[in-house]
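Here is a short briefing on one protein structure. Keep the sequence and the 3D view open while reading.

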Amino acid sequence: MTRTEAAQLAMVLEVTASPKPGNVDRGHDYPDTRLEHFLASAVFARCAFEHAEAGGSGLGSLIEEAVLDTSCHSGGNTHFGAFILLMPLVSGGSIDGAMRTVAETTVEDAVAFYRAFSATAVRVLEKDEIDVNDPAALTILRERNMNLYDVMAYSSERDMVAREWTNGFALCREAADLLVSYGPGREAIVRTFLDLLASYPDTFIAKKHGAAVAEETMMRAREVQAGRVALQAFDEECLARGINPGSLADIMIAGIYLALLEEWRWDC
């Protein structure tokens with residue numbers, strides 16, 4: 001399996017595993033974003049992954065390419081956070097290689113990333129000194145000589161996907177290890193996702209609903225693990241409240257990717 005194929009397959013396996021509380025899966029769509037939009041994005045991202053695997057120039061440009069290539073459907077942003085994680089992993093060939101790759105990013109990578117960000121509907125904090133929606137942000141990046149790693153470090157305190165660039169892709173590694181420990185098949189993805197949700201407040205939830213709701217969601221996941229709440233009931237509760245653990249879904253995709261390359265079996 002090539003790294004490109006593993007990245008595409010990881011995107012497909014994550015979205016088709018069910019139930020994953022609050023997220024689109026084979027049992028649930030959102031009003032404007034459906035399962036097939038996620039599957040289409042996995043197909044349309046292929047060229048960008050191939051360029052990354054071949055050593056294509058610039059992580060920022062690779063992320064931008066993936067975003068633009070997958071914006072050809074009406075489902076909106078589906079995998080922006082996943083691309084942030086997958087592109088360095090595919091390009092670097094391993095976590096160690098990814099860390100070297102992110103350390104070598106440039107200011108122009110940061111500029112390309114901001115262009116990609118502004119092309120999506122990704123939720124951001126209302127106030128940010130380097131606002132992706134402010135054209136002046138690109139000037140600030142150049143004046144401060146901030147490369148893309150610097151941008152991720154700047155965002156890491158409040159964004160767990162960005163934090164992976166600064167902590168050695170620790171949660172991606174944890175997700176892969178959990179998958180392997182649970183054995184082959186779809187159920188391992190569901191169990192791993194619930195473990196992550198019970199261990200870490202999802203920063204996408206925090207941005208959308210506030211830190212208290214992110215903490216509450218984590219505690220509810222622990223109640224599911226303890227057998228006090230049914231997983232299906234928790235899923236329905238999250239969907240009814242619009243609680244979407246999107247950051248952990250992105251980390252889950254990267255974890256599946258790593259596990260696939262380590263010969264974790266998905267088809268058993």
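This is a predicted model: local features need pLDDT of at least 70, side-chain atom pairs count only at pLDDT 80 or more; totals for chains, interfaces and linings use all residues.

Residues are numbered from 1 along each chain as its sequence is written, and side-chain values use heavy atoms, with hydrogens and water left out.

- The largest nonpolar core has 82 residues. Such a core is a set of buried Ala, Val, Leu, Ile, Met, Phe, Trp, Tyr and Cys residues joined through side-chain atoms within 4.5 Å. Buried means under 20% relative accessible area, exposed means over 50%, and partly exposed lies in between (1.4 Å probe, protein chains only).
- H16 gives the most to this core, with 11 residues.
- The residues with the most contacts inside the core are Phe49, Ile63, Met87, Phe113, Ile256, Tyr257 and Trp264.
- Helix H16 spans residues 246–261. Helices (H or I, at least four residues) and strands (E, at least two) are DSSP runs, numbered from the N terminus.
- From first C-alpha to last, the 16 residues of H16 reach 23 Å, close to the 22 Å expected at 1.5 Å a residue. The expected span is 1.5 Å times one less than the number of residues.
- H16 is largely enclosed by the rest of the structure, because 15 of its 16 residues are buried.

**Aromatic pairs**

- The whole structure holds five aromatic pairs. Rings of Phe, Tyr and Trp (its six-membered ring) pair if their centres lie within 6.5 Å; planes under 30 degrees apart count as stacked, over 60 as edge-to-face and the rest as tilted.
- Phe49 and Phe83 pair edge-to-face, at 6.0 Å centre to centre and 65 degrees between the planes. This pair links distant parts of the chain, 34 residues apart: Phe49 lies in helix H3 (residues 46–53) and Phe83 in helix H5 (residues 80–92). Both Phe49 and Phe83 are buried.
- Phe80 and Phe113 form a tilted pair, because their ring centres are 5.5 Å apart and their planes at 35 degrees. That pair also bridges distant parts of the chain, 33 residues apart, with Phe80 in H5 and Phe113 in helix H7 (residues 107–118).
- Phe80 is buried at a relative accessible area of 3%, and Phe113 is buried at 3% relative accessibility.
- One aromatic cluster is formed by Phe80, Phe113, Tyr114 and Phe117.
- Beyond its neighbours within four places in sequence, Phe49 contacts residues including Thr4, Met11, Phe83, Met87 and Val90. Contact means heavy atoms within 4.5 Å.

- Thr105 sits in the loop between helix H6 (95–103) and H7. Thr105 is buried, with a relative accessible area of 7%.
- The side chain of Thr105 reaches the backbone nitrogen of Tyr149 at 3.0 Å. A polar atom of that side chain also lies 3.3 Å from the backbone nitrogen of Leu148.
- Asn147 caps the N-terminal end of H9, with a side-chain oxygen 3.1 Å from the backbone nitrogen of Tyr149.
- In helix H9 (residues 148–155), the residues Leu148, Val151, Met152 and Ser155 are buried. They cover an arc of only 95 degrees around the axis, which puts them on the same side of H9. The arc is that of the directions from the helix axis to the C-beta atoms.
- The cover over the buried residues of H9 includes helix H4 (59–69), H5, H7, helix H8 (136–144) and helix H10 (160–164).

**His79**

- His79 lies in the loop between H4 and H5. His79 is buried, with a relative accessible area of 2%.
- Leaving aside neighbours within four places in sequence, His79 contacts Met11, Phe38, Ser41 and Ile253.
- The side chains of His79 and Thr78 make a polar contact at 3.0 Å. A polar contact is a pair of N or O atoms within 3.5 Å; within protein, one must be able to donate a hydrogen and the other to accept it, and residues adjacent in sequence count only if both atoms are side-chain atoms.

**Backbone details**

- The Ser18 to Pro19 peptide bond is cis, with omega near 0 degrees. Pro19 is in the loop between helix H1 (3–16) and helix H2 (35–44).
- Asn145 is not a glycine, yet has a positive phi of about 55 degrees. Asn145 sits in the loop between H8 and H9 and is exposed at 54% relative accessibility.
- Glu263 is exposed, with a relative accessible area of 70%.
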